[in-house]
Amino acid sequence: MQTDKQVKLKIDKISLSFGGVSALVDVSLDIRDKEILAIIGPNGAGKTALLNCINGFYKPQKGEIYFDGQRITRMRPDKLAKLGIARTFQNIELYTHLSTQDNLMAARHVLMKHNFIAGSLYLGWAQKEEIEHRQIVEEIFDFLEIAPIRKRVVGLLPYGMRKRVELARALALEPKVLLLDEPMAGMNMEEKEDIARFIIDVFEGQGASYPDTPVLRDGIRSIILVEHDMGVVMDIADRIIVLDFGRKIAEGTPAEIGTNPEVIKAYLGKEK
Ligand SMILES: Nc1ncnc2c1ncn2[C@@H]1O[C@H](COP(=O)(O)OP(=O)(O)O)[C@@H](O)[C@H]1O
Ligand SMILES: [Mg+2]
């Protein structure tokens, strides 16, 4: 048991429905400080809906969500990004007509401290900040090995590269909690291994290799990973939560989940 660990994100009995369709029913879970939590379940189980509630795209009709003890249930996605919750999407969401670099700079501007007027009054300061942003973006490119595609238009990149740029964009927001919605979907084995390694490296932190980018230097506090590949999930998750028809049906370590009869019946037996 790890009950002594600090809770980073607390989901308390949330329910979400669309008309007559229940996407989430009374779901409660904790994401602890310094853990990778995987969420698994068949298609339509509510995994994406849960991430959408956490980052403010959906507002659950019932229940509350707390981040570092603060209630965040009805906050807007941009406010949550500033607080430190960033995500990637199952269906990639990038500015497809912009370059890789501009996509990351757009994310950095969400975090910009100065506003437009202050920016024009204190131009020197704004320029200094811009240079710092570029430096951080360059370190993220280097970390994810995408520096060569910094000027390429995102919409024209191969699918696996676009997924990687999306991860880069989420990192550019320097999150404390990172939500990953099927970051390896549609990838081959080698590409999956690359992404798994990036996830572990960014979780653990890279220390002196990236001194100017705190999120790379110190690591991310908590990661929620929605992923179908059970091999990957078993390898990198500290804990696993299983959803089925919008309900949490199991929770435990990879070893516990792998041998849970209800999970095998609902999920492992059927899918892949
Ligand atoms: N925007 C929406 N409008 C209507 N129904 C939705 C919407 N988003 C999700 N749902 C429904 O909620 C359920 C859970 O969906 P989702 O969270 O996408 O599942 P998963 O990511 O586990 O495959 C499904 O029945 C889905 O059809
Ligand atoms: Mg989904």
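Is helix H6 mostly covered or mostly uncovered, and how many of its 14 residues are buried? I will come to that after a word on the model.

This is a predicted model, in which local features need pLDDT of at least 70, side-chain atom pairs count only at pLDDT 80 or more, and totals for chains, interfaces and linings use all residues. Residues are numbered from 1 along each chain as its sequence is written, and chains are lettered from A and ligands numbered from 1 in the order in which they are written.

On confidence: pLDDT is the predictor's confidence in each residue, from 0 to 100. The protein averages 90, and 91% of the residues score at least 70. By element, helix H4 (residues 116-121) has the lowest mean pLDDT, 53, while S8 has the highest, 98. Helices here are DSSP runs of H or I with at least four residues, strands are runs of E with at least two, and both are numbered from the N terminus.

Back to H6. The helix is mostly covered, with 10 of its 14 residues buried. Buried means that 20 or more other C-beta atoms lie within 10 Å of the residue's own; exposed means 12 or fewer, partly exposed lies in between, and the C-beta atoms are placed from the backbone. The buried residues of H6 include Lys163, Arg164, Glu166 and Arg169, along with Val165 and Leu167. Arginine 164 counts as buried because it has 24 C-beta neighbours inside 10 Å. Its C-alpha atom is separated by 25 Å from that of isoleucine 241, 77 residues apart along the chain.

The length of H6 also checks out. The expected span of a helix is 1.5 Å times one less than its number of residues. For the 14 residues of H6 that should give 20 Å, and the end C-alpha atoms are 20 Å apart, which agrees. After H6 comes glutamate 174, with a positive phi near 45°.

That brings up backbone angles. Most residues other than glycine have a negative phi. Lysine 34 is a non-glycine residue with a positive phi, near 60°, and it is found in the loop between S2 and S3. Lysine 34 counts as partly exposed, because it has 16 C-beta neighbours inside 10 Å. Glutamate 145 is not a glycine either, and its phi is positive at about 55°. This glutamate 145 lies in the loop between helix H5 (123-143) and helix H6 (159-172). With 11 C-beta neighbours inside 10 Å, glutamate 145 counts as exposed.

Now the sheets. Two strands pair if DSSP finds at least two bridges between them. One open sheet has 4 strands in the order S2-S1-S4-S5, with antiparallel pairing. Its edge strands are S2 and strand S5 (70-71), each pairing on one side only. Strand S1 (residues 7-18) pairs with S2 in the antiparallel sense over 8 bridges, and phenylalanine 18 has valine 21 in S2 as its bridge partner. The hairpin of S1 and S2 has 2 residues between the strands, and there glycine 19 takes a positive phi near 55°. S1 is also joined to strand S4 (residues 62-67), by 5 bridges and running antiparallel. Isoleucine 11 has isoleucine 65 in S4 as its bridge partner, and leucine 9 stands opposite phenylalanine 67 in S4.

The other open sheet has 6 strands, ordered S6-S7-S8-S3-S9-S10, with mixed pairing. Strand S6 (85-87) and strand S10 (247-252) stand at the edges with a single partner strand each, so one side of each is left without a neighbour in the sheet. Neighbouring strands of this sheet are turned by 20° against each other on average, direction ignored; the axes are lines fitted to C-alpha atoms, for helices over the stretch in contact, and angles run from 0 to 180 degrees between N-to-C directions. Within this sheet, strand S3 (residues 35-40) and strand S8 (residues 222-226) run parallel and are joined by 5 bridges. Alanine 38 has leucine 225 in S8 as its bridge partner.

Last, the ligand. Which residues are around ligand 1? They are Phe18, Val21, Ala23, Gly41, Asn43, Gly44, Ala45, Gly46, Lys47, Thr48 and Ala49. Strand S2 (21-32) and helix H1 (47-54) are the elements that give two or more residues to this shell, and H1 gives the most, with 3 residues. A residue is near a molecule or strand if its C-beta atom, placed from the backbone, lies within 6 Å of it.

The shell around ligand 1 divides into 5 nonpolar, 5 polar and 1 charged. Ala, Val, Leu, Ile, Met, Phe, Trp, Tyr, Cys and Pro count as nonpolar, Asp, Glu, Lys and Arg as charged, and the others, Gly among them, as polar.
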